[in-house]
Amino acid sequence: DEAEALLTAFLAANPGRHDALLARARTRSWNGDVRGAVADFDTYMDRHPERRDAVELELAVALAASKELPDLTRALAIYDARLATKKDLALLLHRARIASWAGFAERADADYNVYLGQRPYEHGVILERGRALSWSKDPALRKRALPLLDAYLQAHPDDLEGVLARARARSWAGDGPGSVVDYRAYLRARPDEADVRLELGRALAESRVPAEAREGIGILREALKRRRDDDALRLTLARALIDGPDDAGRPEGIALLREYLKRHADDEAAWLLLARALSGAKNPEALDEPLRIYDAYLEQYPGDDDLRLQRARVRAWARRNDDAEADYRIYLARHPGSHGVLLELARTLAESSAPERSLPVFAEYASRHPDDYRGRLARARAMRWSREFDDAEDELDALRPLARAQLERDDRDVERVRLWAETARNYEACE
């Protein structure tokens with residue numbers, strides 16, 4: 001700071017001293033004043049175009065320090081021009097790092113690959129390459145990070161930064177159990193790092209193991225008590241509670257989500273999460289609110305078939321069978337191979353005021369899946385509700401061998417009794 005102040009005062013008195021201008025550009029760059037450094041470097045090169053080649057790389061270093069995409073893109077252009085005329089591994093490594101910071105993971109990986117082809121034992125660069133890939137938005141590139149980080153940790157098993165990098169890479173690649181192992185190993189050595197503990201909480205909250213999910217939710221709750229203004233954390237905890245192992249946590253998750261939406265009303269994903277959370281209501285009348293949300297978004301995005309399918313299901317749960325049928329048929333017209341959705345439509349029609357309309361849909365499903373005994377059993381029920389008793393009995397007779405085969409694989413006693421009862425002609429005897 002003092003050096004910059006002296007150089008600024010000197011330049012005010014001696015504006016033609018370009019050597020002082022270059023000195024101030026470097027000082028500003030080292031001091032983290034990116035905008036000031038870039039302005040001084042640009043001014044210096046405008047006044048001394050013959051020295052551009054000597055100074056331009058210093059400008060690129062200053063630009064890269066900003067970590068803002070326009071600056072990083074300009075820095076990359078400088079390195080591209082230099083490397084087009086000169087093969088230099090040091091410059092190549094710098095370009096790889098800048099490409100990584102700019103979010104160009106595949107481009108960074110290409111440069112790291114060339115560099116490591118010449119210097120394969122630079123383990124620190126292997127770690128950089130693994131990190132760069134793990135930051136990518138492309139799932140395929142994220143998975144490529146893991147072998148690199150594994151190789152690095154084989155050579156440096158006690159490097160905690162490597163352990164943390166792999167924990168994050170595993171989490172981003174969808175390997176929740178692996179990331180939990182690495183996060184725990186890191187925190188055993190550094191138990192006071194609250195941010196890493198929060199990352200562990202996020203990974204645990206997504207676990208399919210109920211005890212781990214509850215532990216993760218507990219970590220997120222404690223963190224939110226300390227960070228009441230952290231809406232991103234509030235949303236994470238809300239999602240964890242809504243998707244968690246305990247139905248009792250759903251109301252708390254919904255309350256947190258509503259609080260989040262008061263300040264982030266433009267977050268479409270959060271609104272759709274709220275609609276999904278509210279769709280689990282037992283009372284059909286309570287489904288009005290999620291249906292209003294789905295209606296609003298489908299009016300805005302009529303081609304979103306995933307939303308349409310979800311609305312069809314909620315309409316069916318709300319006993320709005322005609323509306324549900326309309327959504328199901330639109331979805332099936334666009335996705336004719338969705339046999340599971342075809343069965344959902346058949347079940348919805350079977351529970352309507354005209355169950356006989358479900359029979360052709362059940363027949364179509366049975367022709368594609370003749371061995372699906374649950375679908376066939378639903379068809380037999382629909383036949384009964386349609387007063388097609390003889391057809392229902394014939395379907396149940398045909399279903400009994402399938403039920404026997406399934407029951408040999410199914411050790412749930414209640415399910416055994418229910419299936420035997422439903423596939424028998426004589427209910428009283430079977431009871």
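Good morning. The model is predicted, so local features need pLDDT of at least 70 and side-chain atom pairs count only at pLDDT 80 or more, while totals for chains, interfaces and linings use all residues. Residues are numbered from 1 along each chain as its sequence is written, and side-chain values use heavy atoms, with hydrogens and water left out.

I begin with the pockets. On a 1 Å grid over the protein atoms alone, a pocket is an open set of points where a 1.4 Å probe fits, with protein on both sides within 12 Å along at least five of seven lines; its lining residues have an atom within 4 Å of a point. A volume is the space filled by probe spheres set on the points.

The largest pocket has a volume of about 260 Å³. Its lining has 14 residues, and the closest to the centre are Ala 205, Glu 206, Arg 239, Ala 240 and Asp 243. Which elements give two or more residues to this lining? They are α12 (194-205), α13 (210-226) and α14 (231-243), where helices are DSSP runs (H or I, at least four residues) numbered from the N terminus. Helix α14 gives the most, with four residues.

The second largest pocket holds about 200 Å³ of space. Of its 15 lining residues, Ala 60, Val 61, Ala 62, Ala 64 and Ala 65 are the closest to its centre. Helices α2 (18-30), α4 (52-64) and α6 (89-101) each supply at least two lining residues, and α4 has the largest share, five residues.

Helix α6 also contains Ile 98. Is Ile 98 buried or exposed? Ile 98 counts as buried because its relative accessibility is 2%, and buried means under 20% relative accessible area with a 1.4 Å probe, protein chains only. The C-alpha atoms of Ile 98 and Leu 63 are separated by 9.7 Å, although these residues are 35 apart along the chain.

Ser 279 lies in the loop between α16 (268-278) and α17 (288-300). With 4% relative accessibility, Ser 279 is also buried. A polar atom of the Ser 279 side chain lies 2.6 Å from the backbone oxygen of Ala 275.

I close with the rings. The charged end of Lys 67 sits over the ring of Trp 101, 4.0 Å from its centre; this requires NZ of Lys or CZ of Arg within 6 Å of the ring centre and within 35 degrees of the ring normal.

How values were computed. Buried < 20%, exposed > 50% of the residue type's maximum accessible area, 1.4 Å probe, protein only. Polar contact = N/O pair within 3.5 Å; in protein donor to acceptor, adjacent residues only side chain to side chain.
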